[in-house]
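Reader: I would like to go through this model and ask what stands behind the terms used for it. Please set each value against its definition.

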Amino acid sequence: MITGLAHRGYPKKYPENTISSFQAALDLSYSHLELDVQLTKDGVPVVIHDTTVNRTTNGTGRVADYTFEQIRKLDAGGGQQIPTLKEVLLLAKGKAQVDIELKQSGLLYPGLEEQVLETIQVAGVQDQVFVTSFDHYAIVRTRELSRDINLGLVLYGATPAVFPLAKEINAKYVSVKHIYLTDEFVHRCDEAGIQLIAWTIDDEQDMRNLRSQYPHIWACTNELERWITVF
C-alpha cells in the first residue's frame, strides 16, 4: 500500500475525476483517493473539479445548471461520463480511503453537505472517508449534520487560526499547499493530533524533501508513479 493521496485519480495518464483515473490509482495501491464534488441542478452529487464543465468535458456552462440526465451525456474524456459520488465510493469501497472535497462556495450548492452525507451512508463507507473543503463554513455545517463523520480543513496558506476551529469541530485533517510547510506548523498539527496533508506535490525534489523532513505527512500528488519511486 502506497501512503498518499491520488489527486483526482491519476490525471497525468487518464481524464481527471473519472472512473478510469480512480481505478488506475487503485491499481497502483494508493491508500487514498482525492476527489471533488459539485451538485447538479436536481441535487445529485457528481465528481468534477470546476464549477463549469468547460475545461474537462465537451460541454459548456455551470454544473449547477445541468440536470443529472443532461450532465451524463457529456464526454469527460475518452468517452467517459462524469461519475457520481456514489459510483466512486463504491469503486473504492474496501480498497482505499477517500478524501471528499466539497466544492462549495458560499451557498452555490444549497444542500450539498446533506446530499454528500446521505451518499456516504447509502454507500456504506462512513469509516472509509473524510470530508474536506476550502469553504470552512461548509465543514462546520457538515459537523452540525453529523457528529461522527471525519472532517478536514483545506488551506492555501498556513494559519494559526485553523487550530481553534479544528478543535471546535473535531477536524482530524488539515490540507495545506506544500510551499507553506514549516517546522512550527507541522509541530502544531502534531500536538493537536491532526493528520497533515501537503498538496499538490509533483516535483520530484519536492517529494524527496518532504519524505526526508516530514515522513509522517501525507502527500497529495498527480505524479503517482514518480511518488512511488520516492516512497
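Reader: What volume does the second largest pocket have?

Author: The model is a predicted one. In it, the second largest pocket has a volume of about 150 Å³.

Reader: Which residues line the second largest pocket?

Author: The lining consists of Glu114, Leu117, Ile120, Gln121, Gln126, Leu145, Ser146, Asp148 and Ile149. H4 gives the most to this lining, with four residues.

Reader: What makes the contact between H4 and H5?

Author: On the H4 side it is made by Glu113, Glu114 and Leu117, and on the H5 side by Ala138, Arg141, Thr142 and Leu145. By class, these residues are three nonpolar, one polar and three charged.

Reader: Why is H1 called roughly parallel to H3?

Author: H1 (residues 19-27) and H3 (residues 85-92) pack at an angle of about 20 degrees, with axes 11 Å apart. Angles under 35 degrees count as roughly parallel, so H1 is roughly parallel to H3. The crossing of H1 with H3 is right-handed.

Reader: Which residues of H1 and H3 meet?

Author: Ile19, Phe22, Gln23 and Leu26 in H1 meet Glu87, Val88, Leu91 and Ala92 in H3. The contact has six nonpolar residues, one polar and one charged.

Reader: What surrounds the largest pocket?

Author: This pocket has a volume of about 190 Å³. Its lining has 17 residues, and those nearest its centre are His7, Glu34, Glu101, Phe134 and Trp199. Strands E1 (2-7), E2 (30-39), E4 (97-102) and E8 (195-199) are the elements that give two or more residues to the lining. By class, the lining has six nonpolar, five polar and six charged residues.

Reader: How many cavities of 30 Å³ or more are there?

Author: The count comes to one cavity. About 60 Å³ of space lies in the largest cavity.

Reader: Why is that space called a cavity and not a pocket?

Author: A cavity is a set of points where a 1.4 Å probe fits but cannot get out, whereas a pocket is an open set. Glu16, Asn17, Thr18, Val47, Ile48, His49, Thr56, Ala76 and Ile82 line the largest cavity. Four of these residues are nonpolar, four polar and one charged.

Reader: How do you know that Lys12 has contacts beyond its sequence neighbours?

Author: Contact means heavy atoms within 4.5 Å. With neighbours within four places in sequence left aside, Lys12 is in contact with Asn222 and Glu223. Lys12 lies in the loop between E1 and H1. Lys12 and Glu223 are 211 residues apart in sequence, yet 6.7 Å apart in space, C-alpha to C-alpha.

Conventions. Residues are numbered from 1 along each chain as its sequence is written. This is a predicted model: local features need pLDDT of at least 70, side-chain atom pairs count only at pLDDT 80 or more; totals for chains, interfaces and linings use all residues. Side-chain values use heavy atoms; hydrogens and water are left out. Ala, Val, Leu, Ile, Met, Phe, Trp, Tyr, Cys and Pro count as nonpolar, Asp, Glu, Lys and Arg as charged, and the others, Gly among them, as polar. On a 1 Å grid over the protein atoms alone, a cavity is a set of points where a 1.4 Å probe fits but cannot get out, and a pocket is an open set with protein on both sides within 12 Å along at least five of seven lines; lining residues have an atom within 4 Å of a point. Grid points are joined across faces, edges and corners, and a volume is the space filled by probe spheres set on the points. Axes are lines fitted to C-alpha atoms, for helices over the stretch in contact, and angles run from 0 to 180 degrees between N-to-C directions. Angles under 35 degrees count as roughly parallel, over 145 as roughly antiparallel, 65 to 115 as roughly perpendicular and the rest as oblique. A crossing is left-handed if the near helix is turned anticlockwise from the far one by less than a right angle, and right-handed if clockwise.
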